[in-house]
Amino acid sequence: MIVGVLKEIKVKENRVCMTPAGVTTMVSRGHEVLVEKNAGVGSGFADEEYVAAGATIIDTPQEICDKAEMVMHVKEPQPSEYGMLRKGQILFTYLHLAADEPQTKGLMESGATCIAYETVQKADRSLPLLTPMSEVAGRMAIQQGAKALEKTNGGLGKLLGGVPGVAPAKVMVIGGGVVGVQAAKMACGLGAQVYLMDINLDRLRYLADVMPANCTTLMSSKGAIQELLPEMDMVVGAVLIPGAKAPAVITREDLKLMKKGSALVDVAIDQGGCFETSKATTHENPTYEVEGVVHYCVANIPGAVPMTSTMALTNATLPYALEIADKGWKKACQENEEIKLGLNVHEGKLTYKAVCDAFGLEY
Ligand code: PYR
């Protein structure tokens, strides 16, 4: 199969969807890989490394899309790219369609077969292609939230870990999945007092066993969140319903319960955000304020640490990309339920239930 590696064009996105090592593996399996010029530079991979691995460097995304049978990306295609895709072509990347109507329409109109990294799912319900970036985003949430708490950035001016004689900050993490656990671990490691909330009691039992002593696990509910909000310095939103629009766990009204200068970090923003007042921001302009509460809502958090993120992402995506390239999308979906669950759009039709539900369409 001819596989195209597009350069990321989302603002300040420096990841790349395939490393030179990935190209070597693809080529050794008989596939041809076309890499857009400078696609890997932001992650530390020069064009020469891709050529040495057996890829051909191509100048423009249009040429890649014209030739490739499978086009790969990291982030969702941007509006300028929808028209480059075509019927019979596979697109394999993050899509997050439920919160993005223009992209959904663009991909439906393209006729392409679109497999979303974020809904590829194993039998144990884990999300193998979302997990590595959830790990990065969860860890980064605390790093970014800590910056948002600095006075010079509009925050309270509080150090997460405090110092001897001064109490640490309090951090609420809503959602005890991959993002939530990584965020809670980082906040604990920095010495904050952490409250990790989830709605699954068995999960809370497990988390209570494995998390450090400065992490308190709590059953999540609207009442429990509202009760704690006045004390919190930072809240991390880590709520996920696979493929679906995220529910709003903190409303605009709830912000009035919070301290001025406290910070909200919404890691669910790709799926529409889990705070009512969230709107996607970029690494160029990451925060804004509502009711005096600093909001950090960057939609591609892992893009800020591309050297780590590209390796983590491609470690997970390469085996699936190989399977699709080896078998074609149809056979790959027939033989591998995990890949079948990644199918979101095919020849103009939505093929993932939660995305259909988000747009009120029949599945
Ligand atoms: C990202 O890492 O940017 C995702 O969309 C998950």
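Predicted model: local features only at pLDDT ≥ 70, side-chain atom pairs only at ≥ 80, totals over all residues.

Tutor: Let's talk through the domains, the ligand shell, a helix, the sheet and some loop residues.

Student: Which domains does the protein chain have?

Tutor: The assignment gives domain 1 (2-120 + 306-358) and domain 2 (134-304); domain bounds come from an automatic or database domain assignment. Their centres, taken over C-alpha atoms, are separated by 31 Å. The contact takes 21 residues from domain 1 and 16 residues from domain 2, where two residues are in contact if their C-beta atoms, placed from the backbone, lie within 7 Å.

Student: Which elements of domain 1 give two or more residues to the side that touches domain 2?

Tutor: α11 (306-335) and α13 (353-358). Helices (H or I, at least four residues) and strands (E, at least two) are DSSP runs, numbered from the N terminus.

Student: Where does the ligand lie?

Tutor: Domain 1 and domain 2 both give residues to the shell around the ligand, so it lies between them. The ligand is surrounded by Lys75, Tyr94, His96, Glu118, Leu130, Met133, Asp270, Asn300 and Pro302; a residue is near a molecule or strand if its C-beta atom, placed from the backbone, lies within 6 Å of it.

Student: How many of the shell residues are nonpolar, polar and charged?

Tutor: Four are nonpolar, two polar and three charged. Ala, Val, Leu, Ile, Met, Phe, Trp, Tyr, Cys and Pro count as nonpolar, Asp, Glu, Lys and Arg as charged, and the others, Gly among them, as polar.

Student: New topic, helix α5. Which of its residues are buried?

Tutor: In α5 (residues 101-110), Gln103, Thr104, Gly106, Leu107 and Ser110 are buried. Buried takes 20 or more other C-beta atoms within 10 Å of a residue's own, exposed takes 12 or fewer, and partly exposed is in between, with C-beta atoms placed from the backbone.

Student: Why do they line one face?

Tutor: Seen down the axis of α5, they fall within an arc of 165 degrees, so they line one face of the helix. The arc is that of the directions from the helix axis to the C-beta atoms. On the other side of α5, Glu101 and Pro102 are exposed.

Student: And what do the buried ones pack against?

Tutor: α4 (79-82), β6 (113-116) and β14 (343-346).

Student: How's the sheet laid out?

Tutor: Eight strands form an open, mixed sheet in the order β3-β2-β1-β4-β5-β6-β14-β15. Strands pair if DSSP finds at least two bridges between them. β3 (56-58) and β15 (349-350) stand at the edges with a single partner strand each, so one side of each has no neighbour in the sheet.

Student: What pairs with β6?

Tutor: β14 runs antiparallel to β6, joined by two bridges, with Cys114 partnered by Val345. β5 (residues 90-93) pairs with β6 in the parallel sense over four bridges.

Student: Last one: what's the phi of Lys12?

Tutor: Near 55 degrees, a positive value in a residue other than glycine. Lys12 lies in the loop between β1 (2-5) and α1 (20-28). Asn38 has a positive phi too, near 65 degrees.

Definitions and conventions:
Residues numbered from 1 in each chain as written.
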